[in-house]
Amino acid sequence: MIDLLAEEPRIGVLECSRRLGVARGTVQARLDKLVERGVIAGFGPDISPAAIGFGVTSFVTLEISQRHGHDPVTAHLAAIPEVLEAHTITGSSDLLCRIVARSNTDLQRVIDQIVSSAGITRASTIIALAEQIPYRTLPLVRSAVRGGPSGA
């Protein structure tokens, strides 16, 4: 069912049940269970930043002041629309952010906005030249269903 929903996100429950050869109620119950367990995290459209004018993607690692902590920095980052995601990480930095910009010049503006937080002590930026493998989870789902590698 996840394969079908991933391939055709706009498919309805009735059509899904027809294609899978199971009752509509069965599909709805499975779908509800997957949503409740957090396996399916959303049904919104996948937006291409490049298609709406944000053609530069970069990754920024941030070192934060331990005195300020993560919360104020996270709130600051959340207010910047070009920050697509941020993760607490291990290693020499504290946060890893994926950000987008309209151009390299615009990227400098976004970085300046990011580092304007008193809680950020250092930033390091890497510009992505091309996306080789887009964000994906379907191969992982298929592997998990088959009982594939899971740390064994």
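# Briefing on selected residues and helices

Q108 is partly exposed, with a relative accessible area of 44%; buried means under 20% relative accessible area, exposed means over 50%, and partly exposed lies in between (1.4 Å probe, protein chains only). The structure is a predicted model, in which local features need pLDDT of at least 70 and side-chain atom pairs count only at pLDDT 80 or more, while totals for chains, interfaces and linings use all residues. Residues are numbered from 1 along each chain as its sequence is written, and side-chain values use heavy atoms, with hydrogens and water left out.

- The unreviewed UniProt entry carries the annotation "domain: HTH asnC-type" for residues 1-55; positions follow the numbering used here, feature names are shortened, and annotations may be inferred rather than shown by experiment.
- Over residues 1-55 the chain is 49% helix and 0% strand, where helices (H or I, at least four residues) and strands (E, at least two) are DSSP runs numbered from the N terminus.
- The end C-alpha atoms of residues 1-55 are 33 Å apart.

**The pair of helices α2 and α3**

- Helix α2 spans residues 13-20 and helix α3 spans residues 24-36; their axes come within 8 Å and cross at roughly 110°. Axes are lines fitted to C-alpha atoms, for helices over the stretch in contact, and angles run from 0 to 180 degrees between N-to-C directions.
- The two helices, α2 and α3, are therefore roughly perpendicular to each other, a term that covers angles of 65 to 115 degrees.
- The contact (heavy atoms within 4.5 Å) is made by V13, L14, C16, S17 and L20 on the α2 side, and by R24, V27, Q28 and L31 on the α3 side.
- The crossing of α2 past α3 is right-handed, meaning that the near helix is turned clockwise from the far one by less than a right angle.

**Two residues of helix α5**

- Q108 is placed in helix α5, which covers residues 104-114.
- The side chain of Q108 is joined to that of D112 by a polar contact of 2.7 Å. A polar contact is a pair of N or O atoms within 3.5 Å; within protein, one must be able to donate a hydrogen and the other to accept it, and residues adjacent in sequence count only if both atoms are side-chain atoms.
- Q108 and L34 are 74 residues apart along the chain, and their C-alpha atoms are separated by 41 Å.
- D106 is also found in helix α5, and D106 is buried, at 13% relative accessible area.
- A polar atom of the D106 side chain lies 2.8 Å from the backbone nitrogen of R102.

**Two buried serines in loops**

- S93 lies in the loop between strands β2 (83-88) and β3 (95-101), and S93 is buried because its relative accessible area is 10%.
- Residues up to four places away in sequence aside, S93 touches T61, L62 and E63. With T61, the side chains form a polar contact of 3.5 Å.
- S93 and R37 are 56 residues apart in sequence, with a C-alpha to C-alpha distance of 32 Å.
- S117 lies in the loop between α5 and β4 (120-128), and S117 is buried because its relative accessible area is 11%.
- Residues up to four places away in sequence aside, S117 touches V73 and H76.

**Helix α6**

- V145 is placed in helix α6, residues 138-145, and V145 is exposed, with a relative accessible area of 70%.
- V145 and V39 are 106 residues apart in sequence and 13 Å apart in space, C-alpha to C-alpha.

How values were computed
Angles under 35 degrees count as roughly parallel, over 145 as roughly antiparallel, 65 to 115 as roughly perpendicular and the rest as oblique.
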